[in-house]
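Hi,

Here is the structure I promised to pass on. Have a look first, and then read on for what turned up in it.

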Amino acid sequence: MLRPLPLFAAALLLCQAADDVQQRLTGRASSDTPILSDLHELCDGIGGRPTGSPACERAIEWAAAKFKAAGVDSVTTEPFTVPQSWTPRTAEAECLAPERFTLRIAAAPYSSSTAGAIEAALVDAGEGTPEAFEHLGPAARGAIALVSSKEMKTLDDLFAEYIKSGPMIAAARKAGVAALLLQSTRPHGLLYRHPLVNSNEPLALPAAILSREQAGRLVRLAAHGTVRVRLRLLNQTGGPYESRNVVAEIKGRERPDEVVLLGAHLDSWDLGTGAEDNGANSAMVIEAARAIHSLGARPRRTLRFVLFTGEEQGMFGSAGYVQRHKAEMDRHNAVVIFDMGSGRTTGFFLNGREDLRRPLNRALAGITGLEAADNPADALDGTDNFDFLLSGVPNLVANQDAAPYLPQYHAESDTVDRVNTRELRANSAIANSLIWWLAEDPERFGRRLTHDEVDKLITDTRLDSQMKAFGQWDDYRAGKRGVR
Ligand SMILES: [Zn+2]
């Protein structure tokens, strides 16, 4: 006859069972899983995949087929709307005087087209501050303004590059410049897509990134006399369009209505092939579904594996997911997002939720290498956790070493050969163990915050100033972002 176990003994048994599963998941991740061949198929085979492009559609179908092959319970693609389409066609520039040479440029996302090819004097707009544009006076009108930048070395530098956009664009428009050339923040002629606005507003100015070394040469030439530049930007713009998220599910055995979500974005910019941002983690999410299905055991709660698109345009896929599933948000116990390539995971951002620190420490205690994890309290705006955060859902973003990711960010060089395969496998083990724990633990990971609590979190973490800089504040206030 079975004797009922005292409570602590039952808890101990559960821990042992969870440990055993976590060990099996970790063991699998270090074996020869298809994660690297999937990454190769996605990035080399399909390539750069801006949301709305034929390549992105192929990636969506590819991912849905991978999840089906993984043997999960269901796979669906869920439509959502992106407010504005933008497709780059032609980007050509040439220095005409005092010397003729071809300039390497890449159109900034949502840049307008020039009216055919324009030829104009180049003005040096310094670092692009409003004061620098004002200082140019009437010389700016009709000119092509060149904005210099310091070299990007850290995440903070990258963030500063984004933060300066809003005031810079406003000042450039006010000064009446014909177009903007922005010095690349990366050396060796590297070009990248640098969105200056969210795609819910038009840029209303032709703008392009210019090779760092060539920009330096133009600045030096302009200090000694007149520089003339020819610029031709042709971009196709259009109204709202539909894309789809890929959603795969393993149903929970005991609380199937409760959801633990692992997500990454499948879309990328187009100059490179989106390996670090974010093909590596897309392959990781697919592998998580495969690994957990292969256990032959169901977790207590439902696990959802989501590959979002529309992230690079302003996280429209995850925003669409939150809207579509708003009736279920109370039952989303945890959302875990990876979006920093193959950098080593050292912990998770708590996104302003100090209340998640203890349960997270418990969840990570069984994961090798994360026993003393670095879990910053910072709240992140800029990846797919954002609309869950605004909706009060417990959300985590992997805190990863930025080293392999940063230099290739949105750039031509974001290709499979830059991926740290050893760390990707280690991250895969971490993700699999963590979501298993979150789905299995009898205790709920965290509660849903009320709207007032979310408001307070936004103020306390100073997320409001970021949201204002990124043009998201009015939408949040109007109830268009996040669900209540
Ligand atoms: Zn990303």
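Y110 counts as buried, because its relative accessibility is 4% (buried means under 20% relative accessible area, exposed over 50%, partly exposed in between, with a 1.4 Å probe and protein chains only). Its phi is near 75°, a positive value in a residue other than glycine. You'll find Y110 in the loop between β4 and β5 (helices are DSSP runs of H or I with at least four residues, strands are runs of E with at least two, and both are numbered from the N terminus).

Before you go further: this is a predicted model, with local features needing pLDDT of at least 70 and side-chain atom pairs counting only at pLDDT 80 or more, while totals for chains, interfaces and linings use all residues. Residues are numbered from 1 along each chain as its sequence is written, and side-chain values use heavy atoms, with hydrogens and water left out.

M315 also has a positive phi without being glycine, near 55°. M315 sits in the loop between β12 and α9 (316-324), and is buried at a relative accessible area of 4%.

Two cis peptide bonds are worth a look as well. One runs from A97 to P98, with omega near 10°, and P98 is in the loop between β2 and β3. The other goes from D277 to N278, again with omega near 10°, and N278 is found in helix α8.

β1 and β10 (residues 241-250) pair in the antiparallel sense over nine bridges, with T81 opposite E242 in β10.

What does α8 pack against? Among its partners is helix α12 (residues 421-440): the two pack at an angle of about 50°, with their axes 9 Å apart (axes are lines fitted to C-alpha atoms, for helices over the stretch in contact, and angles run from 0 to 180 degrees between N-to-C directions). That makes α8 oblique to α12 (under 35 degrees is roughly parallel, over 145 roughly antiparallel, 65 to 115 roughly perpendicular, and the rest oblique). On the α8 side, the contact includes A280, M284 and E287, and on the α12 side L424, N427 and W436 (contact means heavy atoms within 4.5 Å).

Last, the cores. F67, F305 and F348 touch the most other members of the largest nonpolar core, which has 64 residues (a nonpolar core is a set of buried Ala, Val, Leu, Ile, Met, Phe, Trp, Tyr and Cys residues joined through side-chain atoms within 4.5 Å). Helix α8 (residues 275-294) gives this core its largest share, 10 residues. A second, separate core of 52 residues includes L136 and A171.

Cheers

How values were computed: Pairing = 2+ DSSP bridges.
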